[in-house]
Amino acid sequence: MATGEKVDSHTELLAAAVEAATRAGDVIRKGFYQTKHVEHKGLVDLVTETDKACEDLIFDHLKKLYPDHKFIGEETSAVYGTAELTDEPTWIVDPLDGTTNFVHGFPFVCVSIGLTIGKVLTVGVVYNPVLNELFTAVRGQGAFLNGSPIKASSQTELMKSLLVTEVGTKRDVSTVDATTNRINSLLFKVRSIRMCGSVAMDLCGVACGRLDLCYETGFGGPWDVAAGAVILQEAGGLVFDPDGGEFDIMSRRVAASNGHLKDAFIKELKLTE
(Lines give C-alpha, C1' and ligand atoms only; values in the text may rest on other atoms or scores of the structure.)
Protein backbone atom coordinates (compact mmCIF):
# COMPACT_ATOMS: atom_id res chain seq x y z
CA MET A 1 0.00 0.00 0.00
CA ALA A 2 2.75 2.41 0.97
CA THR A 3 4.39 2.13 -2.44
CA GLY A 4 1.08 2.73 -4.21
CA GLU A 5 0.36 5.75 -2.06
CA LYS A 6 3.80 7.16 -2.85
CA VAL A 7 3.26 6.72 -6.60
CA ASP A 8 -0.15 8.36 -6.32
CA SER A 9 1.25 11.33 -4.43
CA HIS A 10 4.03 11.76 -6.99
CA THR A 11 1.40 11.59 -9.74
CA GLU A 12 -0.55 14.33 -7.98
CA LEU A 13 2.60 16.42 -7.56
CA LEU A 14 3.34 16.06 -11.27
CA ALA A 15 -0.23 17.03 -12.17
CA ALA A 16 0.05 20.14 -9.98
CA ALA A 17 3.32 21.12 -11.67
CA VAL A 18 1.89 20.56 -15.14
CA GLU A 19 -1.15 22.68 -14.30
CA ALA A 20 1.06 25.49 -13.00
CA ALA A 21 3.36 25.27 -16.03
CA THR A 22 0.52 25.32 -18.55
CA ARG A 23 -1.11 28.31 -16.86
CA ALA A 24 2.18 30.20 -16.94
CA GLY A 25 2.72 28.99 -20.49
CA ASP A 26 -0.50 30.68 -21.58
CA VAL A 27 0.85 33.98 -20.26
CA ILE A 28 4.19 33.44 -22.02
CA ARG A 29 2.54 32.54 -25.32
CA LYS A 30 0.45 35.71 -25.28
CA GLY A 31 3.41 37.85 -24.23
CA PHE A 32 5.67 36.29 -26.83
CA TYR A 33 3.81 38.05 -29.65
CA GLN A 34 3.39 41.39 -27.87
CA THR A 35 5.69 44.36 -27.29
CA LYS A 36 7.99 43.60 -24.36
CA HIS A 37 8.65 45.88 -21.41
CA VAL A 38 12.14 44.91 -20.35
CA GLU A 39 14.36 45.64 -17.35
CA HIS A 40 18.05 44.78 -17.20
CA LYS A 41 19.16 42.55 -14.34
CA GLY A 42 22.75 42.65 -15.53
CA LEU A 43 24.69 43.57 -18.62
CA VAL A 44 23.02 40.89 -20.71
CA ASP A 45 20.48 39.23 -18.40
CA LEU A 46 16.94 40.51 -18.85
CA VAL A 47 13.78 40.35 -16.82
CA THR A 48 10.33 41.04 -18.20
CA GLU A 49 6.89 41.68 -16.81
CA THR A 50 6.06 38.19 -18.03
CA ASP A 51 8.76 36.62 -15.81
CA LYS A 52 7.28 38.22 -12.75
CA ALA A 53 3.66 37.47 -13.62
CA CYS A 54 4.48 33.81 -14.32
CA GLU A 55 6.38 33.28 -11.08
CA ASP A 56 3.52 34.80 -9.08
CA LEU A 57 1.05 32.57 -10.88
CA ILE A 58 3.09 29.37 -10.39
CA PHE A 59 3.90 29.96 -6.72
CA ASP A 60 0.34 31.00 -5.88
CA HIS A 61 -1.01 27.82 -7.49
CA LEU A 62 1.46 25.50 -5.75
CA LYS A 63 1.25 27.29 -2.38
CA LYS A 64 -2.51 26.76 -2.27
CA LEU A 65 -2.06 23.03 -2.88
CA TYR A 66 1.07 22.55 -0.76
CA PRO A 67 1.25 25.33 1.86
CA ASP A 68 3.98 23.53 3.84
CA HIS A 69 6.37 23.10 0.91
CA LYS A 70 9.44 25.28 0.40
CA PHE A 71 10.05 27.38 -2.71
CA ILE A 72 13.14 28.52 -4.60
CA GLY A 73 12.54 30.78 -7.59
CA GLU A 74 14.56 32.97 -9.88
CA GLU A 75 12.90 36.33 -9.46
CA THR A 76 11.65 36.48 -5.89
CA SER A 77 13.31 33.88 -3.65
CA ALA A 78 13.75 36.54 -0.98
CA VAL A 79 10.00 37.18 -0.94
CA TYR A 80 8.65 33.68 -1.42
CA GLY A 81 11.09 31.37 0.27
CA THR A 82 14.70 30.47 0.58
CA ALA A 83 17.85 30.16 -1.48
CA GLU A 84 18.92 27.13 0.56
CA LEU A 85 17.98 23.56 -0.32
CA THR A 86 16.77 21.51 2.65
CA ASP A 87 15.27 18.04 3.03
CA GLU A 88 11.78 19.56 2.93
CA PRO A 89 9.79 19.19 -0.32
CA THR A 90 11.05 22.16 -2.35
CA TRP A 91 9.70 23.54 -5.60
CA ILE A 92 12.48 25.05 -7.73
CA VAL A 93 11.03 27.31 -10.40
CA ASP A 94 12.21 29.27 -13.40
CA PRO A 95 9.06 31.01 -14.64
CA LEU A 96 10.65 31.86 -17.98
CA ASP A 97 13.94 30.29 -18.97
CA GLY A 98 15.27 31.90 -22.12
CA THR A 99 14.31 35.50 -21.32
CA THR A 100 16.64 36.90 -23.98
CA ASN A 101 15.05 34.55 -26.53
CA PHE A 102 11.62 35.72 -25.38
CA VAL A 103 12.55 39.38 -25.81
CA HIS A 104 13.87 38.72 -29.33
CA GLY A 105 11.01 36.46 -30.42
CA PHE A 106 13.23 33.38 -30.68
CA PRO A 107 11.05 30.39 -29.74
CA PHE A 108 13.33 28.55 -27.29
CA VAL A 109 11.55 29.68 -24.13
CA CYS A 110 10.06 27.58 -21.37
CA VAL A 111 8.65 27.25 -17.89
CA SER A 112 10.80 25.02 -15.67
CA ILE A 113 9.36 23.48 -12.48
CA GLY A 114 11.34 20.94 -10.46
CA LEU A 115 10.59 19.37 -7.08
CA THR A 116 13.12 17.94 -4.65
CA ILE A 117 12.18 15.69 -1.73
CA GLY A 118 14.97 14.98 0.73
CA LYS A 119 17.21 16.96 -1.68
CA VAL A 120 16.52 14.32 -4.36
CA LEU A 121 15.14 15.52 -7.71
CA THR A 122 11.74 13.85 -7.88
CA VAL A 123 9.47 15.69 -10.34
CA GLY A 124 10.35 17.73 -13.43
CA VAL A 125 8.22 19.71 -15.85
CA VAL A 126 9.60 21.82 -18.70
CA TYR A 127 7.00 23.43 -20.94
CA ASN A 128 7.69 25.41 -24.12
CA PRO A 129 4.34 27.04 -24.93
CA VAL A 130 5.53 28.53 -28.22
CA LEU A 131 6.57 25.16 -29.69
CA ASN A 132 3.88 23.34 -27.66
CA GLU A 133 6.32 20.88 -26.08
CA LEU A 134 5.66 19.55 -22.58
CA PHE A 135 8.50 17.50 -21.06
CA THR A 136 7.63 15.62 -17.87
CA ALA A 137 9.25 13.13 -15.52
CA VAL A 138 8.77 11.52 -12.12
CA ARG A 139 11.75 9.73 -10.58
CA GLY A 140 11.55 6.03 -11.40
CA GLN A 141 8.72 6.42 -13.92
CA GLY A 142 10.45 7.50 -17.14
CA ALA A 143 10.43 10.73 -19.13
CA PHE A 144 7.86 11.96 -21.63
CA LEU A 145 7.33 14.57 -24.33
CA ASN A 146 3.65 15.44 -24.81
CA GLY A 147 2.80 12.11 -23.19
CA SER A 148 5.04 9.92 -25.34
CA PRO A 149 8.13 8.23 -23.81
CA ILE A 150 11.51 9.74 -24.71
CA LYS A 151 15.03 8.35 -24.56
CA ALA A 152 18.49 9.87 -24.79
CA SER A 153 20.44 9.07 -27.95
CA SER A 154 22.45 5.91 -28.53
CA GLN A 155 25.43 7.76 -30.04
CA THR A 156 28.73 6.26 -28.86
CA GLU A 157 31.21 8.38 -30.85
CA LEU A 158 32.17 11.84 -29.65
CA MET A 159 33.02 12.95 -33.20
CA LYS A 160 29.45 12.20 -34.30
CA SER A 161 27.82 13.96 -31.36
CA LEU A 162 25.98 17.27 -31.22
CA LEU A 163 26.98 19.43 -28.24
CA VAL A 164 24.96 22.27 -26.76
CA THR A 165 26.39 24.96 -24.48
CA GLU A 166 25.73 28.57 -23.53
CA VAL A 167 28.02 31.59 -23.29
CA GLY A 168 26.39 32.88 -20.12
CA THR A 169 25.73 36.48 -19.15
CA LYS A 170 29.16 37.70 -18.04
CA ARG A 171 31.09 39.83 -20.49
CA ASP A 172 34.38 40.43 -18.68
CA VAL A 173 37.35 39.59 -20.86
CA SER A 174 38.68 36.66 -18.81
CA THR A 175 35.30 34.90 -18.69
CA VAL A 176 34.64 35.41 -22.39
CA ASP A 177 38.14 34.21 -23.30
CA ALA A 178 37.81 31.09 -21.15
CA THR A 179 34.40 30.33 -22.64
CA THR A 180 35.40 30.82 -26.26
CA ASN A 181 38.73 28.99 -25.85
CA ARG A 182 36.88 25.97 -24.50
CA ILE A 183 34.42 26.10 -27.40
CA ASN A 184 37.29 26.38 -29.90
CA SER A 185 38.90 23.24 -28.46
CA LEU A 186 35.68 21.24 -28.35
CA LEU A 187 34.80 22.12 -31.96
CA PHE A 188 37.54 19.72 -33.07
CA LYS A 189 36.14 16.89 -30.92
CA VAL A 190 32.43 16.87 -31.81
CA ARG A 191 30.33 17.14 -34.96
CA SER A 192 29.00 20.59 -34.14
CA ILE A 193 27.96 22.94 -31.34
CA ARG A 194 24.65 24.65 -30.67
CA MET A 195 23.68 27.54 -28.37
CA CYS A 196 19.94 27.66 -27.84
CA GLY A 197 19.67 30.16 -24.97
CA SER A 198 17.86 27.97 -22.42
CA VAL A 199 19.63 25.45 -20.19
CA ALA A 200 16.32 23.79 -19.35
CA MET A 201 15.61 23.25 -23.04
CA ASP A 202 19.21 22.11 -23.57
CA LEU A 203 18.82 19.31 -21.00
CA CYS A 204 15.48 18.29 -22.51
CA GLY A 205 17.15 18.25 -25.93
CA VAL A 206 19.63 15.66 -24.66
CA ALA A 207 16.77 13.78 -22.98
CA CYS A 208 14.85 13.34 -26.24
CA GLY A 209 17.92 12.59 -28.38
CA ARG A 210 18.10 15.81 -30.40
CA LEU A 211 21.39 16.59 -28.71
CA ASP A 212 24.03 14.28 -27.27
CA LEU A 213 26.04 16.47 -24.89
CA CYS A 214 25.57 19.60 -22.81
CA TYR A 215 27.56 21.73 -20.40
CA GLU A 216 27.40 25.16 -18.83
CA THR A 217 28.94 26.92 -15.84
CA GLY A 218 27.87 30.11 -14.14
CA PHE A 219 24.18 29.98 -15.08
CA GLY A 220 21.58 31.70 -12.91
CA GLY A 221 20.85 29.06 -10.32
CA PRO A 222 19.16 25.73 -9.52
CA TRP A 223 15.92 26.82 -11.20
CA ASP A 224 17.65 26.55 -14.59
CA VAL A 225 18.49 22.85 -14.20
CA ALA A 226 16.23 21.22 -11.57
CA ALA A 227 13.45 20.05 -13.88
CA GLY A 228 15.67 19.30 -16.89
CA ALA A 229 18.04 17.17 -14.82
CA VAL A 230 15.36 14.74 -13.60
CA ILE A 231 13.82 14.58 -17.09
CA LEU A 232 17.21 13.72 -18.59
CA GLN A 233 18.01 11.13 -15.93
CA GLU A 234 14.64 9.45 -16.46
CA ALA A 235 15.33 9.39 -20.22
CA GLY A 236 18.48 7.35 -19.62
CA GLY A 237 20.91 10.24 -19.75
CA LEU A 238 23.54 11.26 -17.23
CA VAL A 239 23.93 14.54 -15.34
CA PHE A 240 27.23 15.37 -13.63
CA ASP A 241 29.66 18.14 -12.78
CA PRO A 242 31.84 19.29 -15.71
CA ASP A 243 34.92 18.06 -13.79
CA GLY A 244 33.40 14.57 -13.65
CA GLY A 245 32.21 14.74 -10.06
CA GLU A 246 28.68 14.38 -8.80
CA PHE A 247 26.08 16.88 -9.97
CA ASP A 248 25.27 19.48 -7.31
CA ILE A 249 22.04 21.29 -8.11
CA MET A 250 23.15 24.38 -6.15
CA SER A 251 26.59 24.72 -7.78
CA ARG A 252 25.69 26.61 -11.00
CA ARG A 253 27.68 23.97 -12.90
CA VAL A 254 26.23 21.21 -15.07
CA ALA A 255 27.27 18.75 -17.72
CA ALA A 256 25.14 16.06 -19.30
CA SER A 257 25.33 13.29 -21.85
CA ASN A 258 23.45 10.34 -23.20
CA GLY A 259 24.21 7.03 -21.51
CA HIS A 260 27.38 6.36 -23.52
CA LEU A 261 29.52 9.48 -23.91
CA LYS A 262 30.13 10.63 -20.33
CA ASP A 263 33.70 9.40 -19.86
CA ALA A 264 34.94 10.63 -23.24
CA PHE A 265 33.18 13.97 -22.73
CA ILE A 266 34.68 14.51 -19.25
CA LYS A 267 38.12 13.75 -20.62
CA GLU A 268 37.75 16.47 -23.28
CA LEU A 269 36.26 18.96 -20.83
CA LYS A 270 39.21 18.50 -18.48
CA LEU A 271 41.63 19.12 -21.32
CA THR A 272 39.95 22.49 -21.99
CA GLU A 273 40.11 23.80 -18.40
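**View A. The largest nonpolar core of the predicted model.** This core holds 38 residues. The members that touch the most other members are Val126, Ile150, Val225, Ile231, Phe247 and Ile249. Two or more residues each come from strand 6 (120-128), strand 7 (133-138), strand 8 (143-145), strand 10 (162-165) and strand 14 (253-257), as well as from helix 6 (199-207) and helix 7 (226-234). Helix 6 supplies the largest share, with 7 residues.

**View B. Surroundings of Val225 in the largest core.** Leaving aside residues up to four places away in sequence, Val225 touches Val199, Leu203, Phe219, Phe247, Ile249 and Val254. Of these contacts, Phe247 and Ile249 are, like Val225, among the core residues that touch the most other members.

**View C. Another core, apart from the largest one.**

**View D. Cys196 and the closest cysteine sulfur.** The sulfur of Cys196 lies 9.3 Å from that of Cys214. A disulfide requires sulfur atoms within 2.5 Å, so this pair is too far apart for a bond. Cys196 is buried, at a relative accessible area of 15%.

**View E. Cys204 and the closest cysteine sulfur.** Cys204 is buried, with a relative accessibility of 0%. By the 2.5 Å rule, the count of disulfides in the model is 0.

Notes
Residues are numbered from 1 along each chain as its sequence is written. This is a predicted model: local features need pLDDT of at least 70, side-chain atom pairs count only at pLDDT 80 or more; totals for chains, interfaces and linings use all residues. Side-chain values use heavy atoms; hydrogens and water are left out. A nonpolar core is a set of buried Ala, Val, Leu, Ile, Met, Phe, Trp, Tyr and Cys residues joined through side-chain atoms within 4.5 Å. Buried means under 20% relative accessible area, exposed over 50%, partly exposed in between (1.4 Å probe, protein chains only). Helices (H or I, at least four residues) and strands (E, at least two) are DSSP runs, numbered from the N terminus. Contact means heavy atoms within 4.5 Å.
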